[in-house]
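Have the model open as you read.

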Amino acid sequence: MSEKSYRSVPANKKEKTNSRPNSDEAKKWRYSLDKMLAHKYGLSAFRAFLRSEYSEENIEFWLACEDYKKTKSPAKRASKAKKIYLEFIETDAPKEVNIDYETKDFTKQHLLKPSRSSFDVAQKKIYNLMEKDSYARFLRSEVYLNLITEVNRQSQT
């Protein structure tokens, strides 16, 4: 596709910080995927982990859906909906996410008249997949454990 990739979609605006998390922030991530995704550094670390596992499409899809929900213009929403569908949902899409046929079909039907909630079911399934699978592995990964060690070391200086 010639349009921009969703790799550049910003994280949630709750904690939009470029700085490394302090020790307490990073430790809180082990209790909440939402908290981690709300922190730009947490999102970046999780994305790097997913990339290493060849499943970065999951976070890219989730972020694309977050961006899509903020789109107010019906024309832009329709354009983004088509792009997201072609990039992530359609069978054999370049970054196809792992969702069942019923969810794909349900999503496709809701794209006939795109609304802010058109991708909610598919997005929730991918979020649950990340939360139950990738997130648990991330918390045991060298990426996260090294980060905790590093921020602990910095907080002691």
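What follows goes from the ring pairs to the residues around them.

Keep in mind that this is a predicted model. How many aromatic pairs does the structure hold? There are seven. A ring pair is described by how far apart the centres are and by the angle of the planes.

Start with Phe49 and Phe138. Their ring centres sit 5.6 Å apart and the planes are at 70 degrees, and since an angle over 60 counts as edge-to-face, that is what this pair is.

Now move on to Tyr68 and Phe119. Here the centres are 5.1 Å apart with the planes at 90 degrees, so this pair is also edge-to-face. It ties together distant parts of the chain as well, with Tyr68 in helix 4 (residues 56-69) and Phe119 in the loop between helix 6 (101-110) and helix 7, 51 residues apart. Both Tyr68 and Phe119 are buried.

Back to Phe49 and Phe138 for a moment: ring pairs link them with Phe46 and Tyr144 into a cluster.

Asn58 has a relative accessibility of 4%, and because buried means under 20%, Asn58 counts as buried. Leaving aside residues up to four places away in sequence, Asn58 touches Val97, Ile126, Leu129 and Met130.

Conventions:
Residues are numbered from 1 along each chain as its sequence is written. This is a predicted model: local features need pLDDT of at least 70, side-chain atom pairs count only at pLDDT 80 or more; totals for chains, interfaces and linings use all residues. Side-chain values use heavy atoms; hydrogens and water are left out. Rings of Phe, Tyr and Trp (its six-membered ring) pair if their centres lie within 6.5 Å; planes under 30 degrees apart count as stacked, over 60 as edge-to-face and the rest as tilted. Helices (H or I, at least four residues) and strands (E, at least two) are DSSP runs, numbered from the N terminus. Buried means under 20% relative accessible area, exposed over 50%, partly exposed in between (1.4 Å probe, protein chains only). Contact means heavy atoms within 4.5 Å.
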